[in-house]
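Please examine the sequence and the structure before reading on.

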Amino acid sequence: MPDPLDAYIDAAGRALELPIDPAWNPAIRANLEVTLRLAAQVTEFALPDEAEPAPVFKA
Amino acid sequence: MGIDAWASAREIAGAVARGETSAATIVEAALARIEAHDRAINAFTAVVAERARAWARAVDLACTKGDPPGPLAGVPFAVKNLFDVEGLPTLAGSKINRERAPAARDATLIARLEAAGAVLVGALNMGEYAYDFTGENIHDGPSRNPHDVARMTGGSSGGSGAAVAGGLVPLALGSDTNGSIRVPASLCGLFGLKPTYGRLSRARAFPFVSSLDHVGPLARTAADLALAYDAMQGHDPDDPVCADRPAEPALPALDRGTAGLRVAVAGGYFRRGAFPEAFAAVDLVAKALGATREIELPEAQRARAAAYVITTAEGASLHLSRLRTRARDYDPAVRDRLIAGAMVPATLVDKAQKFRRWYRARVLALFETVDAILAPATPCTAPAIGQQNFVLDGVTLPVRANLGIFTQPISFIGLPVVAVPVPLKPLPIGVQVIAAPWRESDALRVARALERAGIANGSPVA
């Protein structure tokens with residue numbers, strides 16, 4: 001069974017129509033791992049349901 | 001004082017206005033310096049000599065006719081090659097953009113500097129598509145630090161740092177999404193201003209991350225930063241982010257000193273994870289300002305993480321179609337980060353934008369009791385060109401992503417910052433003077449006071 005992150009990169013690359021050379025996979029994976037680790041720092045921080053995003057659109 | 005390679009923009013403009021020299025003479029000397037010395041530091045990717053000579057003649061003609069010469073009369077300047085320069089393709093440090101049609105119009109900031117009498121002499125090297133803190137460029141070669149050409153300039157505005165620190169021009173423009181003005185200012189020993197998000201127009205500057213992109217000047221003196229900043233202020237409908245508020249000139253109050261300004265040192269996150277020289281520089285500055293209070297920017301590490309997530313996802317969005325068709329024409333280090341960024345779920349980006357508003361509110365509350373906050377600009381002095389990793393607090397980390405650990409939590413919420421150069425030996429390092437939104441003038445006042453006290457010094461290379 002493939003590693004879940006490798007499988008995700010493979011599936012996302014196909015879904016997004018990104019022509020990824022297999023030789024690039026280790027670096028892409030390393031970058032995605034860093035991003036997901038940092039994103040986890042953000043998502044584990046509890047915000048109220050009412051929290052608004054920083055950019056505010058004005059009609 | 002004679003007008004040599006190290007003359008400030010203010011000295012040059014004064015000498016031109018008084019008729020002691022001409023813009024043509026100044027510009028010819030700058031072009032000769034670029035010809036003689038740029039090979040060593042690789043700052044320029046294009047020199048617009050004929051355009052520069054023509055505009056210098058126009059500035060001189062205006063002086064001869066008795067017209068106001070402008071606050072930057074005859075001052076040569078250059079711009080990071082992501083700014084549109086009429087007649088040149090806007091490279092943004094890339095191979096792919098070399099195929100773009102020549103720009104039809106100058107970027108707004110170029111037009112504003114030239115309207116003040118300054119003279120554009122060329123475009124400057126940068127990290128590919130600004131996704132960089134090193135100043136290295138696989139297509140054009142690395143920009144080199146004038147303090148030691150075997151070392152990085154920092155980036156992504158690497159050519160901007162090299163050109164000013166190397167005495168080729170007294171003024172350059174850069175862009176700063178996560179630290180790309182402040183990092184090269186720190187490693188090259190220069191003053192750099194990242195204004196409030198939305199203060200200066202980004203019109204006709206190649207984007208990277210719209211949520212976080214800023215533009216601003218680098219110079220060897222605080223007064224030159226203020227001069228250029230004042231000349232560039234003002235609303236621009238061509239940049240939807242540019243704020244519709246009146247210009248607030250910084251120069252009139254620049255020499256007022258720091259009386260009345262409450263200065264504190266950023267603690268916690270900003271007091272760990274760096275080499276001793278980064279803290280030594282902050283301590284020197286704090287002592288000179290009598291700043292004994294330490295305050296904590298809450299959740300700064302999380303702020304840096306959120307900026308990282310937004311950057312990689314928005315950067316990937318900008319480049320998605322090129323990644324599909326031209327992936328092999330990118331710098332591999334940039335390409336692989338962008339491809340990974342394209343795969344970040346939207347849920348995580350939205351969370352980061354919500355955290356951003358939370359963090360902004362908490363940090364703005366700090367400015368009720370303080371006017372300026374001091375923090376390191378970089379965790380180290382200039383690393384060697386090609387250096388991949390450094391060890392911070394016992395952890396081995398990639399240089400490329402981590403030179404900006406102290407700048408990212410600040411630009412994340414658009415605060416104005418002046419990076420102030422502290423001339424440690426053997427290499428300089430910068431300190432961030434961070435002010436409340438729209439209070440660039442406070443940060444510039446502090447920078448000028450430090451310069452007058454001999455703590456900050458942006459020139460020349462010893």
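## Two helices side by side

The model discussed here is predicted. In chain B, helix α2 (residues 23-41) packs against helix α3 (residues 49-64) at an angle of about 160 degrees, and their axes lie 8 Å apart. Since angles over 145 degrees count as roughly antiparallel, α2(B) and α3(B) are therefore roughly antiparallel to each other. The crossing of these two helices, α2(B) and α3(B), is right-handed.

On the side of α2(B), the contact is made by B:Ala23, B:Ala24, B:Val27 and B:Leu31. On the side of α3(B), the residues are B:Ala49, B:Ala52, B:Arg53, B:Ala56, B:Arg57, B:Val59 and B:Asp60. The residues of this contact between α2(B) and α3(B) comprise eight nonpolar, three charged and no polar ones.

Helix α7(B) contributes B:Ala222, B:Ala223, B:Leu225, B:Ala226 and B:Tyr229 to the contact. From α14(B) come B:Glu440, B:Leu444, B:Ala447, B:Arg448 and B:Glu451. Of the residues in the contact of α7(B) with α14(B), seven are nonpolar, three are charged and none is polar.

## Chain B as a whole

Chain B has 14 helices and 15 strands. Its radius of gyration is 20 Å, close to the 23 Å given by the globule rule for 462 residues, so chain B is as compact as a globular protein of that length. The C-alpha trace of chain B spans about 60 × 55 × 45 Å along its principal axes.

Of the 462 residues in chain B, 62% are buried. Contacts that link separate parts of the sequence can also be examined. Among contacts in chain B between residues at least 6 apart in sequence, 77% join residues at least 24 apart.

## Where chain A meets chain B

The contact between the chains draws 25 residues from chain A and 29 residues from chain B. On the side of chain A that touches chain B, α1 (4-15) and α2 (25-43) of chain A each supply at least two residues. Helix α2(A) gives the most to that side, with ten residues.

The residues on the side of chain A that touches chain B divide into 19 nonpolar, four polar and two charged.

Key. Residues numbered from 1 in each chain as written. Chains lettered and ligands numbered in written order. Predicted model: local features only at pLDDT ≥ 70, side-chain atom pairs only at ≥ 80, totals over all residues. Helix = DSSP H or I, 4+ residues; strand = E, 2+ residues; numbered from the N terminus. Rg over C-alpha atoms; globule rule 2.2 N^0.38 Å. Buried ≥ 20, exposed ≤ 12 C-beta atoms within 10 Å, placed from the backbone. Contact = placed C-beta atoms within 7 Å. Axes fitted to C-alpha atoms, helices over the stretch in contact; angles between N-to-C directions. Parallel < 35°, antiparallel > 145°, perpendicular 65-115°, else oblique. Left-handed = near helix turned anticlockwise from the far one by under 90°. Nonpolar A, V, L, I, M, F, W, Y, C, P; charged D, E, K, R; others polar.
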